[in-house]
Amino acid sequence: MQTIQYLTVFAEQAGQRLDNYLVSRLKGLPKSRLYRIIRKGELRVNKKRVKVDYRLQENDIIRIPPLRLAAPPEKPVLHKRFAENLKASILFENKDFLVLDKPSGIAVHGGSGVQLGVIEALRTLYPQQKYLELAHRLDRETSGCLLIAKKSSILKELHHLLREGQMTKIYTTLVCGHWPKLKKKI
């Protein structure tokens, strides 16, 4: 059982929905419990009741009541060779984002029987980097460039560019053998 916690919202977190912000910070708390404490007013923002879809503002102070959280899952082991290959796959990096040449056969994130994906591995490799999020996904068996944001504001901008068609994803397929004349599209 924890004691009361107070979290302060920083500029890069402003604009985020309260529920999404808390899901990432209260690992081990079921979403149903999170929504219940917000609905009942046990969780407060600036000493006031708010709804789950409240958009956070810079310097908001969130009061979290004492909670019993499940034990955090064990961190997956990042093998040295995988870490070296992942570092070598970085095509471009600056203060806002990085571009990684994701090989086929590796998931972009853990889940559904996969303990360690690219994003978890990068977070382990760069523990000093407070924010690393996928701007988009690629299927496990698909290789290609993967864009990872280092700031929430950059992630929002990348999503906006993708949504508005100002940035596109292009898929190229390599086939072996003879292509049937009547088949023009996949």
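Colleague: What volume does the largest cavity have?

Modeller: About 30 Å³. Bear in mind that this is a predicted model.

Colleague: How many cavities of 30 Å³ or more does the structure hold?

Modeller: One.

Colleague: Which residues line the largest cavity?

Modeller: Glu93, Leu98, Tyr126, Gln129, Leu132 and Lys150.

Colleague: How does that lining split by class?

Modeller: Three of the residues lining the largest cavity are nonpolar, one is polar and two are charged.

Colleague: Glutamate 93 and lysine 150 are both on that list. How do their side chains meet?

Modeller: In a salt bridge. The N to O distance is 2.6 Å.

Colleague: Which parts of the chain does that pair tie together?

Modeller: Glutamate 93 sits in strand E4, residues 90–93. Lysine 150 sits in the loop between E7 and helix H5, which covers 152–163. So the pair links parts that are 57 residues apart in sequence.

Colleague: Is lysine 150 buried or exposed?

Modeller: Buried, because its relative accessibility is 9% and the cut-off for buried is under 20%. Glutamate 93 is partly exposed, at 37% relative accessibility.

Colleague: Remind me why such side chains pair at all?

Modeller: Side chains of opposite charge can pair when their charged atoms come close.

Colleague: How many salt bridges does the structure hold?

Modeller: Five. Another one of them joins lysine 95 to aspartate 96. There the closest N and O atoms are 3.5 Å apart.

Colleague: And lysine 95, buried or exposed?

Modeller: Lysine 95 is exposed, with a relative accessible area of 60%.

Colleague: What does glutamate 133 form with arginine 123?

Modeller: A salt bridge, with the closest N and O atoms 2.8 Å apart. Glutamate 133 belongs to strand E6, residues 133–134, and arginine 123 to helix H4. So this pair ties together parts that are 10 residues apart in sequence.

Colleague: How accessible is arginine 123?

Modeller: Its relative accessible area is 36%, so arginine 123 is partly exposed. Glutamate 133 is partly exposed as well, with 31%.

Colleague: Which residues do salt bridges with shared partners join into one network?

Modeller: Lys95, Asp96 and Lys151.

Colleague: New topic, pockets. What volume does the second largest pocket have?

Modeller: About 300 Å³. Its lining is made up of 17 residues.

Colleague: Which of them lie nearest its centre?

Modeller: His136, Leu138, Cys145, Lys169 and Ile170.

Colleague: Where does the largest share of that lining come from?

Modeller: From strand E7, residues 144–149, with four residues.

Colleague: How do the lining residues of that pocket divide by class?

Modeller: Nine are nonpolar, seven are polar and one is charged.

Colleague: On to the backbone. What is phi of asparagine 46?

Modeller: Near 55°. That is a positive value, and the residue is not glycine.

Colleague: Where is asparagine 46?

Modeller: In the loop between strand E2 (44–45) and strand E3 (61–64). Lysine 47 is also placed in the loop between E2 and E3.

Colleague: Is lysine 47 exposed or buried?

Modeller: Exposed, at 78% relative accessibility. Asparagine 46 is partly exposed, with a relative accessible area of 35%.

Colleague: Now the surface. Which residues form the nonpolar patch with about 290 Å² of accessible area?

Modeller: Ile4, Tyr6 and Ile61, and that area is for the three together.

Colleague: Where does tyrosine 6 lie?

Modeller: In strand E1, residues 5–8. Tyrosine 6 has a relative accessible area of 54%. The cut-off for exposed is over 50%, so tyrosine 6 counts as exposed.

Colleague: Last one. How far apart are glycine 110 and serine 152?

Modeller: They are 42 residues apart in sequence. In space it is 20 Å, C-alpha to C-alpha.

Colleague: And where does glycine 110 lie?

Modeller: In the loop between strand E5 (97–102) and helix H4 (118–125). Glycine 110 is partly exposed, at 23% relative accessibility.

Conventions
Residues are numbered from 1 along each chain as its sequence is written. This is a predicted model: local features need pLDDT of at least 70, side-chain atom pairs count only at pLDDT 80 or more; totals for chains, interfaces and linings use all residues. Side-chain values use heavy atoms; hydrogens and water are left out. Patches are made of residues with over 30% relative accessible area and no salt bridge: like charges are joined within 9 Å, nonpolar side chains (Val, Leu, Ile, Met, Phe, Trp, Tyr) within 5 Å. Accessible areas come from the Shrake-Rupley method with a 1.4 Å probe; for residues, only the protein chains shown count as cover. A salt bridge is a side-chain nitrogen of Lys or Arg within 4 Å of a carboxyl oxygen of Asp or Glu. Helices (H or I, at least four residues) and strands (E, at least two) are DSSP runs, numbered from the N terminus. Buried means under 20% relative accessible area, exposed over 50%, partly exposed in between (1.4 Å probe, protein chains only). On a 1 Å grid over the protein atoms alone, a cavity is a set of points where a 1.4 Å probe fits but cannot get out, and a pocket is an open set with protein on both sides within 12 Å along at least five of seven lines; lining residues have an atom within 4 Å of a point. Grid points are joined across faces, edges and corners, and a volume is the space filled by probe spheres set on the points. Ala, Val, Leu, Ile, Met, Phe, Trp, Tyr, Cys and Pro count as nonpolar, Asp, Glu, Lys and Arg as charged, and the others, Gly among them, as polar.
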